[in-house]
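Please open the model in your viewer and keep the selection panel at hand. The tour below goes from stop to stop, saying what to select and what is found there.

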Amino acid sequence: MKTKNTSIAPISVIPNDVDRNPLVSVVIHTFNQKDFISKTIEGALSQKTNFSFEIILGDDESNDGTRELCLKYAESNRSLIRLILHNRENVIYFDGMPSGRFNWVYNMSIANGKYIAL
C-alpha cells in the first residue's frame, strides 16, 4: 500500500508589525507575476480606510523576480504586509499540473480579519 507524504516543506514568514486583529485581510497569491505584482500590491496599499487591515502576500517560490519585489514591499510596509514565502515542494498537483492550491489554502487559513478580500 502506497502512503502519501503529508509533511510540509518549510514556509518562511517575513518579520512584520501587522495588527493581529484587523477588520479586513486582503489576501494576494502570486507565482511568477513580476510584471503585475507591483500594481496589485500598490492597489491594496493605496486604499483609504477608517479600519485596520492586513495584506497577506503569499509567493509560491517565484523565480522571475516576483519574490524580490514582494520582499521589497514587505520590508517597506512592515505594518501592513505579512509576506509568506512558500516552498515549491508543497505545491499540489491536479492532473499532473502544478496549482496554487496550497498557497491559497495556507494564506486563507492564517488570515486574521473578520472579512477577507481576494
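Two strands are said to pair if DSSP finds at least two bridges between them, and the elements themselves are DSSP runs numbered from the N terminus, with helices being H or I over at least four residues and strands being E over at least two. This is a predicted model, in which local features need pLDDT of at least 70 and side-chain atom pairs count only at pLDDT 80 or more, whereas totals for chains, interfaces and linings use all residues. Residues are numbered from 1 along each chain as its sequence is written, and side-chain values use heavy atoms, with hydrogens and water left out.

**Stop 1: strand 2**

Select residues 24-30, which make up strand 2. Which strand pairs with strand 2 over 7 bridges? The partner is strand 3, residues 53-59, and the pairing is in the parallel sense; if you label isoleucine 28, you will find leucine 57 of strand 3 opposite. Strand 2 also pairs with strand 7, residues 115-117, again in the parallel sense but over 3 bridges, and here valine 26 has alanine 117 as its bridge partner.

Now colour strand 2 by accessibility, where buried means under 20% relative accessible area, exposed means over 50%, and partly exposed lies in between, with a 1.4 Å probe and protein chains only. Of the 7 residues in this strand, 6 are buried, so strand 2 is largely enclosed by the rest of the structure.

**Stop 2**

**Stop 3**

Widen the view to the open sheet, in which 5 strands lie in the order 1-4-3-2-7 with mixed pairing. Strand 1 (12-13) and strand 7 stand at the edges with a single partner strand each, so one side of each has no neighbour in the sheet. Next select helix 2, residues 66-76, which packs on the sheet and touches strand 2, strand 3 and strand 4 (81-85), a contact being heavy atoms within 4.5 Å. The direction of helix 2 makes about 150 degrees with that of strand 4, where axes are lines fitted to C-alpha atoms, for helices over the stretch in contact, and angles run from 0 to 180 degrees between N-to-C directions.

**Stop 3: two backbone angles**

Most residues other than glycine have a negative phi. Select asparagine 32, whose phi is positive, near 50 degrees; asparagine 32 lies in the loop between strand 2 and helix 1 and is partly exposed, at 25% relative accessible area. Then go to aspartate 95, which also is not a glycine and has a positive phi of about 50 degrees. Aspartate 95 sits in the loop between strand 5 (93-94) and strand 6 (97-98), and its relative accessibility of 83% makes it exposed.

**Stop 5**

Finally, show everything: the protein chain has 3 helices and 7 strands, running β-β-α-β-α-β-β-β-α-β from the N terminus. Of its 118 residues, 39% count as buried.
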